[in-house]
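Take a moment with the sequence and the 3D view. We will go through domains, helix pairs, a ligand site and some backbone details.

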Amino acid sequence: MNVYDSERIAAMLEKHGLTQTENVADADIIILNTCAVRAKATDKVYSCLGRIRRAKKESALLGIVGCVARESGSDAFRRIPELNFVLGPQSYHKLPEIIKNPDIKLLNIDLGGLEKFDELPQMEKSPTVAYIPVQEGCNHCCTYCIVPYTRGRELSRPFDDVIADTVNAAKTGAIEICFLGQNVNGYKYTDEKGNLFRLSDLIRETAKLPEILRIRFTSSYPTEMTDDLINIFGTEPKLLPFLNMPIQSGSPRILKKMNRPNDLDAYKTIVQKLKNVRPDIQISSDFIVGFPDETDEDFAETLRIAREIKYINSYSFKYSPRPHTAAAIMPNQISEQIKSVRLQQLDAQLNENQREFNMSCIDKEMICLFEGNDKTGRNLVFRTPYMQQCIVEKPDHEITPLQKIKITDANKSCLHGEIIK
Ligand code: SF4
């Protein structure tokens with residue numbers, strides 16, 4: 001979501017005559033687009049602001065946008081007096097105001113709903129992978145999560161608006177569409193005639209665009225995996241056989257404390273239904289270790305489900321107490337030391353899953369998306385349908401953005417392959 005927001009901010013400022021620079025000392029305006037999902041991310045923002053205020057030109061405007069801006073509010077000005085603007089994730093379209101009035105201090109952390117999408121300019125050139133938000137906010141209220149506070153209640157964008165964005169992305173260079181939302185599969189939009197549109201309808205409509213060759217979406221909430229969405233994995237070949245469906249913990253007791261779906265059999269049934277319609281599908285998850293009151297037995301259940309589902313490409317974090325969340329004040333907080341040990345054990349399991357899956361890809365042929373050169377400049381980097389990195393020796397012929405590649409070798413972090421002409 002932040003990649004999307006940053007692209008839109010850049011496009012909006014370019015319309016106001018600004019160009020991008022990599023050098024802080026050259027910049028006339030410096031914007032940190034921020035994430036507040038973990039305390040560490042918030043701390044990084046403030047230490048980065050400390051460095052930037054020393055390196056920037058005196059006249060340069062400095063500000064933060066996104067979830068840390070919403071979390072901090074006016075306190076951000078107290079902590080960093082050089083800040084000129086603090087704009088929440090739903091008000092960064094107000095940025096041009098600060099360009100017109102550089103002498104004001106601009107604070108706007110309102111939850112303005114979907115208004116920003118109407119204000120943002122369409123991209124004139126789309127990246128190969130276009131991120132398209134379909135909804136903002138979340139109604140689920142997981143007890144550890146700050147997102148319902150920073151992004152607000154769930155709102156789905158009008159179906160036609162989302163499709164207009166995908167058409168524009170397709171016409172301006174996108175090959176892959178990634179639909180985004182904090183609760184992307186909760187997308188529900190009813191038009192004025194009473195027609196209900198779901199994420200499966202967006203996928204079906206987008207797949208009709210000849211320029212778009214790959215479709216994916218993130219992040220999914222398990223109980224929102226309705227049958228229409230499961231079944232489209234079986235009928236729409238452009239939809240990648242890869243799904244991020246976070247479980248967070250393998251312990252029903254901890255899931256209940258997290259206010260997450262805690263019926264593991266129901267979760268496994270969804271995975272099985274997906275495999276029935278798309279046998280080659282792989283699942284990824286996010287995990288939190290060391291949630292308050294998590295015992296060794298609870299954690300053992302997390303390791304067990306990670307092994308059983310054979311998650312690939314997953315994200316694992318130590319629980320981080322966040323303001324405005326119920327879990328931050330729960331009793332029996334877990335020590336950092338125990339969290340670190342558990343994280344290491346979980347990562348070892350997830351790495352083993354990844355290694356096994358990567359090895360199973362050897363000798364297979366995959367259609368992969370070109371990403372760029374590697375650091376040496378001698379190799380090309382591609383992304384497989386399962387989001388693995390695949391390294392290929394630079395050929396002496398032109399390549400197309402999507403290439404059929406034969407996988408020749410693998411390790412836990414990447415694949416190696418050869419382009420099939
Ligand atoms: S479903 Fe995701 S975004 Fe929503 S509250 Fe839970 S963790 Fe946060």
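To speak of the angle between two helices, we need axes: an axis is a line fitted to C-alpha atoms over the stretch in contact, and the angle is taken between N-to-C directions. Keep in mind that this is a predicted model.

Start with helix α8, residues 159-171, and helix α9, residues 199-207. They pack at an angle of about 35°, and their axes lie 10 Å apart. The crossing of α8 and α9 is right-handed. Which residues make the contact? From α8 come F159, V162, I163 and T166, and from α9 come D201, L202, E205 and T206. Sort the residues of this contact of α8 with α9 by class, and you get four nonpolar, two polar and two charged.

Helix α9 has another partner. This is helix α10, residues 227-235. The axes of α9 and α10 come within 8 Å and cross at roughly 30°. Angles under 35 degrees count as roughly parallel, so α9 is roughly parallel to α10. Here α9 uses L199, S200, I203 and R204. They meet D228, L229 and I232 in α10. The contact of α9 with α10 divides into four nonpolar residues, one polar and two charged.

The loop between β11 (214-218) and α10 holds S219. A cis peptide bond joins T218 and S219, with omega about 10°. Why point this out? Most peptide bonds are trans.

On the α13 side, the contact is made by F299, T302, L303, A306 and R307. On the α14 side, R342, Q345, L346, Q349, L350 and N353 take part. By class, the contact of α13 with α14 has five nonpolar, four polar and two charged residues.

K310 sits in the loop between α13 and β15 (315-318). Its phi is near 55°, a positive value in a residue other than glycine. Most residues other than glycine have a negative phi.

Next, find the ligand. Which residues are around the ligand? They are C138, H140, C141, C142, C145, V147, P148, Q182, N183 and Y221. What classes make up this shell around the ligand? Seven of the residues are nonpolar, three are polar and none is charged.

Finally, step back to the domains. The domain assignment gives domain 1 (2-108), domain 2 (122-240) and domain 3 (365-419). The centres of domain 1 and domain 2, taken over C-alpha atoms, are 27 Å apart. How many residues does each of them bring to the contact? Domain 1 gives eleven residues and domain 2 gives nine. On the side of domain 1 that touches domain 2, the elements that give two or more residues are α1 (2-15) and α3 (67-72). Of the elements on this side, α1 gives the most, with four residues. By class, the side of domain 1 that touches domain 2 has seven nonpolar, one polar and three charged residues.

Key
Residues numbered from 1 in each chain as written. Predicted model: local features only at pLDDT ≥ 70, side-chain atom pairs only at ≥ 80, totals over all residues. Axes fitted to C-alpha atoms, helices over the stretch in contact; angles between N-to-C directions. Left-handed = near helix turned anticlockwise from the far one by under 90°. Contact = placed C-beta atoms within 7 Å. Nonpolar A, V, L, I, M, F, W, Y, C, P; charged D, E, K, R; others polar. Near = placed C-beta within 6 Å. Domains from an automatic or database assignment. Parallel < 35°, antiparallel > 145°, perpendicular 65-115°, else oblique.
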